[in-house]
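Welcome! Take a look at it first, and then we can go through a few places together.

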Amino acid sequence: MPNINRREFLKLGLSAGSLLALGSPSDLVTKVFGKADTHTKVLILGFDGMDAHLTNIWMNQGKLPAFERLRNRGGFTPLQTSLPPQSPVAWSNFITGLNPGGHGIFDFIHRTPEYYLPTFSSTKTSDSTKTISIGNLVLPLSGGTIENMMQGRAFWQILEDHDIPATIFKMPSNFPPVETKQKTLSGMGTPDITGSLGEFNYYTTEVTELQEDLGGGEIHEVYVIGNRVEAKLPGPENAFKKNQPESSIDFKVFIDPVHPLAKIVIQDQEFILQEKEWSRWRRVRFPMIPTQSVSGICMFYLKQVRPDFKLYISPINIDPAAPAMPISTPASYAKELEKEFGPFYTKGLPADFKAMSNGILDEEEYLAQDDTILEERKAMFEYELSRFDSGLLFYYVSSTDQRQHMFWRFLDPQSPMYDPALVHKHGTAIEDIYREADNMLDMAMSKADKDTIIMVMSDHGFTPFRRTFNINSWLKENGYIRLINNRRQGQEEAFMNTDWSRTKAYSYGLNSLYINLRGREGEGIVNPGAEKEALVREIVQKLEKVADPKTGERVITKAYITQEDYLGSQKEKAPEIIVGYNRGFRTSWSAPLGRITKEVFADNMDKWSGDHCMDPAVCPGILFSSEKIRSDSPALFDLTPTILSLFGIEKPDNMVGKKIF
Amino acid sequence: MWIFNSAFGKIFDALFLPFRDMSPWVGMILVSFLTGLLMLFVFKWTSNQQGIQKVKNRIKAHLLELRLFKDSLSQSLRSQGNILRCNLKYISYSAKPMLVMILPLILIIIQLNFWFGYESLTPNESTILKIKLAEDQNPLEAQIAVQPSSGLVMETLPLRIEESQEINWRFSATQGGMQEFTVTIDGETVTKKVAVAQKPLSKISPQKPDNNFLDQVLYPVEAPIKSQVPIKTIEIQYPSKSMNLFGWEIHWIIAYFVLSIIFGFAFKGVFKVQI
């Protein structure tokens, strides 16, 4: 069985990206799509993770006046999220009007049944298959590929069939963007330039900060010699060289002997930062071979000059002016935005939550980064809004989701990470972002004419995340997983210590549970049919009875059997069970990648203290509309046929939703 | 040297004066056209025009031999040898005009770099002021004062780098127009101009040069720093500029050479020049 570690998994082999930097000639040509003017216009604001309960509270307190106005004009209702309520699943429901049985995205993480290895659910990458080797050089004769794994058609593709224009800004699960002539910019799922979900670099002279296995970034030990620091900025793997070595750029930092200042010299750029100051976007080019380089953009943050030197460099985003991977349709759209606004965040999850979780950035520094992202988004929204005169505009904001993940602990005195001192300082961080959302809605409402239908939606809500539950450890405790060596329990990821010949069920991802099925899994032992169904029901019953030994609370409100809940052509690929956690509980940090710890339960001691990978019933999203909502309990996939119906288009047969107006 | 630089620079100032509000391409086409003509006349007056005509005719004749006697290996080899020999002769005829042109062309390119190579600062844009001190000066001990004009704001304290004898400041522009820094050190005063929000075609001087010959050749826009001032150079980091051709960003020197060659070939018949 091939070996894989967390870092390699996160990198996902996207070195193909550097090959894609070669681009295709068609990328250089701006495509123009002939479009009809529509009388009705539809403007949709997608605020990731905006919670129905919190929205209601703050709206009733008069803190969200634009939302209140929209509710009074049309309506407001909680919006049923997806099963499971994870962003790639939920947004795929919205994009396609299908449930996961139709679009085939069941979790952030899927697995290869043959080898029991984790894979990203939404993209599949491959290197160039035809290459010529000359010495140490590997010259590709064809580009690498990145495939969007979501099945079904996106609603803007259907609109395109009917000549209705659409601009889709940062739609999650749309990387690489699905083929269309509409203007689209990829959202969540878009990697950084190394192919990972975002790898920061942190340079420090403080030895106690050094950690080897740091998810989401790398800490580099540096030395200040004669007020100078020399370091390397790692980049993407070089697919033009044998064994694909990591590319890098040398840079120097000159520190003033007295003042808290430093000058950073990288490639042909020099800039001065004061202590606790962020740079603007800086463009860096990683050389591959003499004629080829990969361009990226990053920000520098001089955290501290003395007594220890500390410099943070954000994950290197794909450069929208010269994208190393496809991030927009047409390819010129990203370049057009770059020309108008300069470099901008292209990474799917822009705020660096990993740097905050790992203590590299503190709350204030994280919020400064998040504010920059929000300002960028607001400026682009105003731009798109000003030229929106026909068809549909969908605009997505990620900060609502990321800020709730990181700052929920300040709303929840029961959180193990609740800190009264910090509550005083950052207790309104979530409320602030809801108010920002309200400002954006206000801007939209003030610019919308009478023919514009406005919808505001979120993919899911939020709940506290206080206790972790390692479902794989529970499966092991209950005899469904057997280990090769019990003494090594908890030491390995990806089920490396698992005796598959005696294992009946396992969990990969945040809510998915698979049966070790004969004929499907590499070493499956459970027979399809009656034996599998009986086992599924047995596990479901047991899971729904699990109680937290610390509080006595029920951990899982419902375990869903996918064969009963999913519809569509991809249903057979689904995990057998989707685990719906109760408020306050979520799968542990190590279970999603197949680590079986000795403890089943633990307090969640991460700053990531709010979550939504629970039971869909406990974290509904929001739906506001300028039209009266006639459906009692609308769901995400109902919005898709509704959008089509607003333009007089019949919903395709495979869509599971119903229109809500 | 400064007198020459100043006079030579004035020619370009006058040349570009009517076109400063227009796209830089207009100035580029004009200067490329004039360069093309200059190259033609230099070629005409300094090269052996008759010799070039003769050698070109011979090359044509030998090419004809190649076609006529393609069945004869020995004749083909002889013809190829003759073509090679004629080519070498052609190159030798071209060497003289090349040598004559090389120096003025370098001086022209140096001048053009300040018109086409840099972008002026935009209001609110930050950049670095870099002062390189004379060798006997220690940046940590230097008694230096920098006074910005009203349209500039210093954003940081001085950053001293001992190993390169530099002092750097970050500043930003708050108003358009030609701004300046007044630098005082050891009782001596030097000024450095800062271009903010200038016209599309403007002369931008990134560096006030040292009082040595090479620096003055390479940075001819501003008068050099006097030798008694313990400063070698004063530099402003301007953004670099490129020529936009239907969305393609190309370096100005590529545009300049391509256009000059095109104009040269286009007008060689008019002025009866053998190239």
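In this predicted model, the contact between chain A and chain B draws on eleven residues from chain A and eleven residues from chain B.

**Where chain A touches chain B**
- On the side of chain A that touches chain B, the elements giving two or more residues are β15 (261-266) and β16 (269-274) of chain A.
- β16(A) supplies the largest share of this side, with three residues.
- By type, the residues on this side of chain A are four nonpolar, three polar and four charged.

**Helix α8 of chain A**
- Helix α8 of chain A spans residues 331-341, and its buried residues are A331(A), Y333(A), A334(A), K335(A) and L337(A).
- The cover over these buried residues of α8(A) includes β10 (183-186), β23 (328-329) and α10 (363-386) of chain A.
- Just after α8(A) comes G342(A), which has a positive phi of about 80°.

**A closer look at Q147(B)**
- You can find Q147(B) in strand β2 of chain B, which covers residues 144-148.
- Is Q147(B) buried or partly exposed? Q147(B) counts as partly exposed because it has 13 C-beta neighbours inside 10 Å, while a buried residue needs 20 or more.
- Leaving aside residues up to four places away in sequence, Q147(B) touches F181(B) and T182(B).
- Q147(B) and E180(B) are 33 residues apart along the chain, and 8.5 Å separates their C-alpha atoms.

How values were computed: Residues numbered from 1 in each chain as written. Chains lettered and ligands numbered in written order. Predicted model: local features only at pLDDT ≥ 70, side-chain atom pairs only at ≥ 80, totals over all residues. Contact = placed C-beta atoms within 7 Å. Helix = DSSP H or I, 4+ residues; strand = E, 2+ residues; numbered from the N terminus. Nonpolar A, V, L, I, M, F, W, Y, C, P; charged D, E, K, R; others polar. Buried ≥ 20, exposed ≤ 12 C-beta atoms within 10 Å, placed from the backbone.
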